[in-house]
Amino acid sequence: MRKLLYHDLEVGDPLMLEACDLAYNNPKLDLCSVKKLPHPLLANASAMFPMNWRFFPTLDSQVVEMASRDLDSRWNKG
């Protein structure tokens, strides 16, 4: 299962260097710039509220399954 990380980082940003290092060492991680998304509805995605970026895979025809979770959410035992 591949994981997508949507970002608006610039090339020289130190966080971008860290993200690239993560992606290089984790071949299942894809970095997706919100400034270069191919879907017409997301042409101006960088102007959208960033918490909504997690739902972008619903518009990606290459995505078969999707799950979203807030990083500050607690895990619950079923």
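Buried means under 20% relative accessible area, exposed over 50%, and partly exposed in between, with a 1.4 Å probe and protein chains only. The model is predicted, so local features need pLDDT of at least 70 and side-chain atom pairs count only at pLDDT 80 or more, while totals for chains, interfaces and linings use all residues. Residues are numbered from 1 along each chain as its sequence is written, and side-chain values use heavy atoms, with hydrogens and water left out.

**Figure 1. Overall fold of the predicted protein.** The protein has one helix and two strands, where helices (H or I, at least four residues) and strands (E, at least two) are DSSP runs numbered from the N terminus. From the N terminus on, the order of these elements is β-α-β. Along the principal axes, the C-alpha atoms fill a box of roughly 45 × 30 × 25 Å. Of the 78 residues, 19% are buried. Among contacts (heavy atoms within 4.5 Å) between residues at least 6 apart in sequence, 45% join residues at least 24 apart.

**Figure 2. The aromatic pair of tyrosine 6 and phenylalanine 56.** Rings of Phe, Tyr and Trp (its six-membered ring) pair if their centres lie within 6.5 Å; planes under 30 degrees apart count as stacked, over 60 as edge-to-face and the rest as tilted. A search of the whole structure finds one such pair. Tyrosine 6 and phenylalanine 56 are arranged edge-to-face, at 5.4 Å centre to centre and 90° between the planes. Tyrosine 6 belongs to strand 1 and phenylalanine 56 to the segment after strand 2, so the pair ties together parts that are 50 residues apart in sequence. Both tyrosine 6 and phenylalanine 56 are buried.

**Figure 3. The salt bridge between arginine 2 and aspartate 30.** A salt bridge is a side-chain nitrogen of Lys or Arg within 4 Å of a carboxyl oxygen of Asp or Glu, and the count by this rule is two. In this one, the closest N and O atoms are 2.5 Å apart. The pair links distant parts of the chain, with arginine 2 in the segment before strand 1 and aspartate 30 in strand 2, 28 residues apart. Arginine 2 is partly exposed at 47% relative accessibility, and aspartate 30 is partly exposed at 23%.

**Figure 4. The salt bridge between lysine 35 and glutamate 10.** The closest N and O atoms are 2.3 Å apart. Lysine 35 sits in the segment after strand 2 and glutamate 10 in the loop between strand 1 and helix 1 (14-25), 25 residues apart. Lysine 35 is partly exposed, with a relative accessible area of 42%; glutamate 10 is also partly exposed, at 48%.

**Figure 5. The largest pocket.** On a 1 Å grid over the protein atoms alone, a pocket is an open set of points where a 1.4 Å probe fits, with protein on both sides within 12 Å along at least five of seven lines; lining residues have an atom within 4 Å of a point. Grid points are joined across faces, edges and corners, and a volume is the space filled by probe spheres set on the points. The volume here is about 1,200 Å³. Of the 24 lining residues, Lys3, Leu4, Arg54, Ala67 and Ser68 lie nearest the centre. Strand 1 (residues 3-7) gives the most to this lining, with four residues.
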